[in-house]
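Subject: Structure handover

Hello,

Here is the structure I promised to pass on. Please open it alongside this note.

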Amino acid sequence: MPGFFSTLTLNQKLAAAAAALGAIAIFANPLPGGAVSIDARTLADIVERDADRIEPLELADWIIQGRSDFRLIDVRDAGAYAKYHVPGAEHVPFSSLTDAALPRNEKLVVYADDGVRAAQAWFLLRARGHAGAYLLRDGLDGWQQEVLFPALGDATTPFQQQRNARLSNVASHFGGRPRSGDAGAAPAVAAMALPTPPAPVAGAGVPAGGAKKKKEGC
Amino acid sequence: MTPLAKYGAFGDEMGLVMAFIIGIGFGFFLERAGFGSAKKLVSQFYLDDLAVFKVMFTAIVTAMLGVTYLAWMGVLDLSLVYMTPTWLWPQIVGGLVLGVGFAIGGYCPGTSVAATATGRIDGLVYVLGLVFGTVVFAEAFPLLKGFFYSGSYGQQTLPGVLGLSYGVVVFAVVLMAIGGFAGAGWLEKRFARPASQQ
């Protein structure tokens, strides 16, 4: 046997080694890749750097640009989701977050009515090993305040005018309208009617309408 | 645990630095394999030198075995590794465009950069064409968008499509590679050109 082995060329030896490794790999079960553990220091660091959140206006820009490298998850109950949800959001009730078939190699943005429930969902997802989980800052409240019904400030300088024009454009894109004048005199956001919800998106596992990935890779 | 980027070992900026370093390494080994030369690269289309096929398949098998064993040992979390989703029709057309460009231009995107780095004019022309094509594609994207997102099948894997276990597919790909290398050796002998023509 050693005599036979020495007659092989280097390429043949390498091929034999690859074949042997491949044969052993038949018994390998490399998925799902071991137990999940929470690194408290990593999480604390992420929170410290505000790297756990997406700003409402940032999300609005992503949706307008048709960006597809993220999935938007609405963790509220079915009634609230039917009444209104952010366009493109998938409905995954909080109770089923633990066994939803969400991909772990995609960016997930979760939101609820306020920031607290979304933060809890974020923690749950991070604990389940979804390294790409983010939360929408201030949830739907923030979305209404800053995207649907943004308060327009003074428009004396060109910069402020530009900013107001942008806010108005974004608001009208999502069926809202800006509150003009100073924030105190404007009607309360809660009193404003929410736009008709966009067509509902099927639950986890189906990419959001038009929201497809095109990042990384070569 | 790895992948390092997904575990927050470094941020986006550091990710670019890592990509740069890995890219330099990739280019270096392309050049050392002789892939900075269009003559060497197009030889595979004349079937007299299948080095490209052999190097690429070797890389695939090496990476596949490495990833499999690292994941098996619990060092790598495979479920966090990014996979390009399948958009069947645009990917078939894209593959054909790349193949035709490869046969005509003598380079593929990576090797053209390696060739340019070693001072080859044809490589530079190819890179300029690459940039030009990218700009044209980007500007025409609104027109192409419908097609670009057609035939979506999400993230597909061979074990999933074939209904086989992960390990069996790994073994099958290794056997396929060894068979491919033997076949390539036979083709190279069959289509070998006389030394005067090389």
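This is a predicted model: local features need pLDDT of at least 70, side-chain atom pairs count only at pLDDT 80 or more; totals for chains, interfaces and linings use all residues.

Chain A has an open sheet of 5 strands. Their order is E1-E5-E4-E2-E3, and the pairing is parallel. Strand E1 (53-54) and strand E3 (90-91) sit at the edges, each pairing on one side only.

E1(A) pairs with E5(A) over 2 bridges, in the parallel sense. There, Ile54(A) stands opposite Leu136(A) of E5(A). Next, E5(A) is joined to E4(A) by 3 bridges, and these two strands run parallel. Look for Leu108(A) here: its bridge partner in E5(A) is Ala133(A). Then comes the pairing of E4(A) with E2(A), parallel over 5 bridges. Ile73(A) faces Val110(A) of E4(A) as its opposite residue. Last, E2(A) pairs with E3(A), again parallel, over 2 bridges. Asp74(A) stands opposite His91(A) in E3(A).

**Two strands worth a look**

Is strand E2 of chain A enclosed or open? E2(A) covers residues 70-74. Of its 5 residues, 5 are buried, so the strand is largely enclosed by the rest of the structure. Phe70(A), Leu72(A) and Asp74(A) point one way. Arg71(A) and Ile73(A) point the other way. Note that Arg71(A) and Asp74(A) are both among the buried residues.

Which strands does helix H6 of chain A touch? H6(A), residues 115-127, packs on the sheet and touches strand E4 (107-111) and strand E5 (133-136). The direction of H6(A) makes about 180° with that of E5(A). Together, E4(A), H6(A) and E5(A) make a right-handed β-α-β unit.

**Where chain A meets chain B**

The crossing is left-handed.

Which residues meet there? From H2(A), they are Ala18(A), Leu21(A), Gly22(A) and Ala25(A). From H3(B), they are Val61(B), Leu65(B) and Thr68(B).

**Val61(B) up close**

Val61(B) lies in helix H3 of chain B. Is Val61(B) buried or exposed? Val61(B) has 24 C-beta neighbours inside 10 Å, so it counts as buried. The cut-off for buried is 20 or more.

Set aside the neighbours of Val61(B) within four places in sequence, and its contacts are Ala18(A), Val173(B), Val174(B) and Ala177(B). Val173(B) is 112 residues away along the chain, yet its C-alpha atom is separated from that of Val61(B) by 7.4 Å.

Best wishes

How values were computed. Residues are numbered from 1 along each chain as its sequence is written. Chains are lettered from A and ligands numbered from 1 in the order in which they are written. Two strands pair if DSSP finds at least two bridges between them. Helices (H or I, at least four residues) and strands (E, at least two) are DSSP runs, numbered from the N terminus. Two residues are in contact if their C-beta atoms, placed from the backbone, lie within 7 Å. Axes are lines fitted to C-alpha atoms, for helices over the stretch in contact, and angles run from 0 to 180 degrees between N-to-C directions. A residue is buried if 20 or more other C-beta atoms lie within 10 Å of its own, exposed if 12 or fewer, and partly exposed in between; C-beta atoms are placed from the backbone. A crossover is right-handed if, with the strands pointing away from the viewer, the path from the first strand over the helix to the second runs clockwise. A crossing is left-handed if the near helix is turned anticlockwise from the far one by less than a right angle, and right-handed if clockwise.
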